[in-house]
Amino acid sequence: MPVPDLPNGPGGTSPAQVSGPNLPPPAGARPRVVVVGAGFGGLAAARALRSADAQVVVVDRQNHHLFQPLLYQVATAALAAPDIASPIRSILRRQANAVVLLAEVRSVDPHRRVLELDEGSIAYDHLVIAAGARHSYFGHDAWEARAPGLKTLEDALEIRSRVLLAFEEAERSPHPAIRAALLTFVVVGGGPTGVELAGALAEISRYTLARDFRFIDPAESRVHLVEAGPRILPSFDDDLAARSVVYLQDLGVTVHTGTAVTGVDAGGVDLGERRIEARTVLWAAGVVASPLGRGLGVPLDRAGRVIVRPDLTVPGHPEVSVVGDLAHFAGEDGRPLPGVAPVATQQGRHAARNVLLALAGQPREPFRYVDRGSMATVGRARAVAEIGGLRLAGYVAWLAWALLHIALLAGFRNRVLVMIEWIWAYVTFQRGARLITEAFRPSPAALPQDSPAPLPPGPPSLPPAPPPSPG
Ligand SMILES: Cc1cc2nc3c(=O)[nH]c(=O)nc-3n(C[C@H](O)[C@H](O)[C@H](O)COP(=O)(O)OP(=O)(O)OC[C@H]3O[C@@H](n4cnc5c(N)ncnc54)[C@H](O)[C@@H]3O)c2cc1C
């Protein structure tokens with residue numbers, strides 16, 4: 001379907017003929033600010049522009065804002081997908097100057113000030129790019145099919161199905177070796193996401209599923225956390241990282257540090273000379289920035305992040321800011337700020353503030369990150385946290401983690417639902433979202449063909465039913 005031309009170029013500086021989705025032009029001579037991505041950075045920017053005398057267009061290829069820090073809870077069946085996502089439209093519905101566009105941005109032309117979308121294009125006066133990052137397999141892209149990463153809701157649902165199906169297949173399998181491989185889980189990457197995933201998998205086996213199966217004992221399952229660096233949670237204090245190892249070991253997780261993964265296939269992972277037979281391998285190591293940064297024609301770092309100027313704009317284009325996981329911004333110690341939600345949120349707000357200053361004809365200001373600390377949870381009532389100068393571990397840290405995450409979730413409904421789910425899980429040890437849905441159930445054709453020990457055909461050898469009890 002042909003798309004109509006967007007009648008007026010923004011601010012009179014952009015080309016008049018720009019084809020685009022059926023967006024009404026900004027009223028009068030109002031400029032257009034386009035925000036790419038409604039994650040932490042983009043949403044913060046859009047909200048901070050609510051008073052702008054401008055049309056604020058938020059473009060995202062998803063219709064929802066996703067609270068990624070709780071994705072692992074969807075992947076491990078503690079929460080349902082809608083609990084941690086909110087429609088972008090409903091978040092911004094009260095912001096009169098905001099327009100939400102469901103579209104994929106294919107490229108940016110900073111010279112013409114135009115974004116190419118999957119359908120049409122859109123011109124801008126000011127642009128904030130907050131398109132985030134994806135996991136990186138360090139040049140081994142073939143591993144992705146065997147070891148999915150966790151970034152989107154689809155990833156989380158895929159992982160949830162793989163984990164639950166592994167237990168189901170183990171229940172049906174008469175072969176001890178195959179059963180053992182099905183009940184072995186490997187998580188690659190010892191950052192907060194890997195630690196949280198490994199802890200949650202161990203808890204599922206030990207508590208949630210412990211009494212649900214008849215022919216396997218889920219508590220016999222093995223969880224391995226593999227980290228190439230010398231220790232897990234590298235961004236945390238040494239003592240807290242050591243404490244989290246103890247928490248993981250208490251849950252039965254085997255922690256391998258200084259161990260690089262050298263191969264992943266349908267039967268397991270290679271760790272140099274060693275091998276772990278495991279049917280479920282999850283990837284929580286390394287990220288690569290959104291490809292949108294490449295089109296800007298400005299310097300990038302090795303992870304594809306745009307090296308931004310002190311005011312978060314890109315060299316040669318003060319009307320373009322890049323924030324969040326896609327931005328490389330050197331902190332006070334000269335190292336790039338980490339890819340975490342508070343960095344993205346503060347940068348999004350700051351980029352918006354600079355747009356307001358520019359619209360008022362004033363100079364932009366440099367960004368300064370205020371680090372309020374970091375947290376990681378290992379499981380029920382076990383977490384580590386650094387808040388200001390305070391170092392917390394155990395129940396207090398876990399409570400702080402839970403309260404903070406509830407407070408930060410977008411939407412009152414989600415906050416209430418998550419709180420109820422957590423209280424229920426705390427009391428009962430149960431996880432409410434243990435569904436394997438058809439969409440995420442691999443068809444036989446999609447199952448790995450290079451499996452070293454395929455499941456035998458035919459029914460499982462179930463033990464005979466016990467004789468009926470007398471009377
Ligand atoms: C599993 C996991 C756990 C995490 N846990 C924590 C934690 O505990 N604490 C913490 O602080 N941080 C955590 N993080 C990191 C944190 O989520 C990120 O740093 C943060 O989301 C970055 O925000 P962003 O706005 O840069 O990108 P994102 O939040 O990733 O948002 C990017 C948005 O851009 C959209 N988009 C991307 N490309 C395009 C395109 N071409 N066209 C249109 N739209 C596009 C995406 O759909 C998405 O909505 C975690 C991340 C993950 C994946």
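Setting aside neighbours within four places in sequence, A181 is in contact with G267, G268, E277, A278 and R279 (contact: C-beta atoms, placed from the backbone, within 7 Å). Before we start, note that this is a predicted model, in which local features need pLDDT of at least 70, side-chain atom pairs count only at pLDDT 80 or more, and totals for chains, interfaces and linings use all residues. Residues are numbered from 1 along each chain as its sequence is written.

**Exercise 1.** Work out whether A181 is buried or exposed.

Solution. Begin with the element: A181 lies in helix 5 (residues 176-182). Helices here are DSSP runs of H or I with at least four residues, strands are runs of E with at least two, and both are numbered from the N terminus. Next, take the cut-offs: 20 or more other C-beta atoms within 10 Å of a residue's own make it buried, 12 or fewer exposed, and anything in between partly exposed. A181 has 24 other C-beta atoms within 10 Å, so it is buried. For one further distance, the C-alpha atoms of A181 and R222 are separated by 9.0 Å, although the two are 41 residues apart along the chain.

**Exercise 2.** Find how strand 17 and strand 18 run and how many bridges join them.

Solution. Strands pair if DSSP finds at least two bridges between them. Strand 17 (residues 268-271) and strand 18 (residues 274-277) run antiparallel, joined by four bridges.

**Exercise 3.** Explain why the ligand lies between domain 1 and domain 2.

Solution. Collect the shell: 34 residues surround the ligand, the closest being G37, G39, G41, G132 and G324 (near: a C-beta atom, placed from the backbone, within 6 Å). Then sort by domain, with bounds from an automatic or database domain assignment. Domain 1 (5-61 + 103-135 + 287-359) and domain 2 (141-285 + 374-440) both give residues to the shell, so the ligand lies between them.

How values were computed
Two residues are in contact if their C-beta atoms, placed from the backbone, lie within 7 Å.
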